[in-house]
Amino acid sequence: METTITKDLNRYRPNAGIVLINDQGLTWLGKRKGEAGPYVWQWPQGGMDQGEDLRTAGLRELYEETGIREDKVSYLGETQDWITYDFPPEVLAKRPDRPWIGQKQKWLALRFLGDDRDFDLKAVPPQEFEAFAWEGVETALERIIPWKRPVYEAVAEAFKAYAA
């Protein structure tokens with residue numbers, strides 16, 4: 001007999017993620033500022049404000065982290081259900097005041113309509129990324145911190161029709 005465990009989604013911080021895809025099917029990855037190592041790259045993502053819908057939060061986060069405005073993207077698709085991950089103990093220990101045990105995310109797939117000169121990683125302080133690269137999905141998955149990788153694999157599967 002199979003048992004289904006339902007997570008209490010109220011214990012997860014609502015988060016919007018963006019997979020920005022260029023005309024070659026490559027995805028935009030940002031290198032987190034001031035961090036070193038093989039797993040310091042990620043797709044843009046950030047917290048959703050109370051009452052914000054996915055598109056509003058995603059476009060806001062995209063601008064805050066990359067400087068890219070809404071007129072430089074077109075909508076491709078989105079994930080329908082929340083995708084969750086738990087913070088590992090070392091992350092929880094850094095912020096014992098936070099009520100969340102992880103994040104629940106919904107993701108947007110957006111086609112990038114501009115060129116690399118449109119990016120301004122310092123558009124909104126504090127700067128999150130210090131560099132960026134365009135990567136195929138498989139390479140992107142290899143650069144993601146291991147405890148987030150199952151989420152990225154689910155998102156990559158959801159958006160496989162849009163990305164290389």
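Start by selecting Glu52: its relative accessible area is 18%, so it falls in the buried class (under 20%; exposed is over 50%, partly exposed in between, with a 1.4 Å probe and protein chains only). Before you click on, know that this is a predicted model, where local features need pLDDT of at least 70, side-chain atom pairs count only at pLDDT 80 or more, and totals for chains, interfaces and linings use all residues. Residues are numbered from 1 along each chain as its sequence is written, and side-chain values use heavy atoms, leaving out hydrogens and water.

Glu52 makes a salt bridge with Arg60, their closest N and O atoms 2.8 Å apart; the term means a side-chain nitrogen of Lys or Arg within 4 Å of a carboxyl oxygen of Asp or Glu. Glu61 pairs with Arg60 too, at 2.9 Å between the closest N and O atoms, and Glu61 is buried at 7% relative accessibility. Select Asp49 and Glu64 as well, and you have the whole salt-bridge network of Asp49, Glu52, Arg60, Glu61 and Glu64.

Next stop: Asp118 and Lys72. Their side chains form a salt bridge at 3.9 Å, N to O. The two sit 46 residues apart and link distant parts of the chain. Which class do they fall in, buried or partly exposed? Asp118 is partly exposed at 25%, and Lys72 is partly exposed at 29%. The count for the model is twelve salt bridges.

Definitions and conventions. Helices (H or I, at least four residues) and strands (E, at least two) are DSSP runs, numbered from the N terminus.
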